[in-house]
Amino acid sequence: MWPDDRVVRFVEENFLPARVHVKEDAELFQRYGERYKAAWTPTILLLDADGVEHHRIEGFLPADDFLAQLMLGRARLAFDQQQWADAERRFKEVVERFPDSDAAAEALYWAGVAPYKATGDPASLKATGQAFKRRYRDTPWAKKASVWA
């Protein structure tokens, strides 16, 4: 399914993958394509056990960027389940492993929000706002964090 062994391993270790092919499974794709608003292929949806979407990846990406997005999605799932420490650790992992990916700035932002959600202490927000002054300055995520600095 994926040509990069790192992607295969990550998916197998972290998700229960299911594939709906737009042509081979046309009826199924029509049903779920409408439900999840999958307008383009590939559309990778990270869902929980109840079918609730927590992250989506649309279109093809190079392996490193795809892995970063998968990791970001896994972190979003932990965040949405209010597993703050796990979410923070996973968001930071995206920044550390894939600092040049598009996912890194978003992960940095949420890595600051997670401890705030856990404790109510704004120190993590302030630190994150300061971190954006050094990294990812020209991203929309830096603008969002600018009020914290």
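Modeller: Two strands pair if DSSP finds at least two bridges between them. Helices (H or I, at least four residues) and strands (E, at least two) are DSSP runs, numbered from the N terminus. This is a predicted model: local features need pLDDT of at least 70, side-chain atom pairs count only at pLDDT 80 or more, and totals for chains, interfaces and linings use all residues. Residues are numbered from 1 along each chain as its sequence is written, and side-chain values use heavy atoms, with hydrogens and water left out.

Biologist: How do you know that strand 1 and strand 2 pair?

Modeller: Five bridges join strand 1 (residues 43-47) to strand 2 (residues 53-58). The definition asks for at least two. So they count as paired, and they run antiparallel. Leu45 stands opposite Arg56 in strand 2.

Biologist: What lies between strand 1 and strand 2 in the hairpin?

Modeller: Five residues. Gly51 in that turn has a positive phi of about 85°.

Biologist: Why is His55 called buried?

Modeller: Buried means under 20% relative accessible area (exposed is over 50%, partly exposed in between; 1.4 Å probe, protein chains only). His55 has 10%, so it is buried. Its place is in strand 2.

Biologist: What is His55 in contact with, leaving aside its neighbours within four places in sequence?

Modeller: Contact means heavy atoms within 4.5 Å. The partners of His55 are Ile44, Leu45, Leu46, Gln69, Leu72, Gly73 and Arg76. The C-alpha atoms of His55 and Gln69 are separated by 8.6 Å, though the two are 14 residues apart along the chain.

Biologist: Why is helix 5 described as largely enclosed?

Modeller: 13 of its 18 residues are buried, so the rest of the structure largely encloses helix 5 (102-119). Gly120 follows helix 5, with a positive phi near 80°.

Biologist: Why are helix 3 and helix 5 called roughly parallel?

Modeller: Axes are lines fitted to C-alpha atoms, for helices over the stretch in contact, and angles run from 0 to 180 degrees between N-to-C directions. Angles under 35 degrees count as roughly parallel, over 145 as roughly antiparallel, 65 to 115 as roughly perpendicular and the rest as oblique. The axes of helix 3 and helix 5 cross at roughly 15° and come within 10 Å. Helix 3 and helix 5 are therefore roughly parallel.

Biologist: Which residues of helix 3 meet helix 5?

Modeller: Asp65, Ala68, Gln69, Leu72, Arg76 and Phe79. Their counterparts in helix 5 include Ala107 and Trp110. Phe91 is in contact with Ala107 and Trp110, among others.
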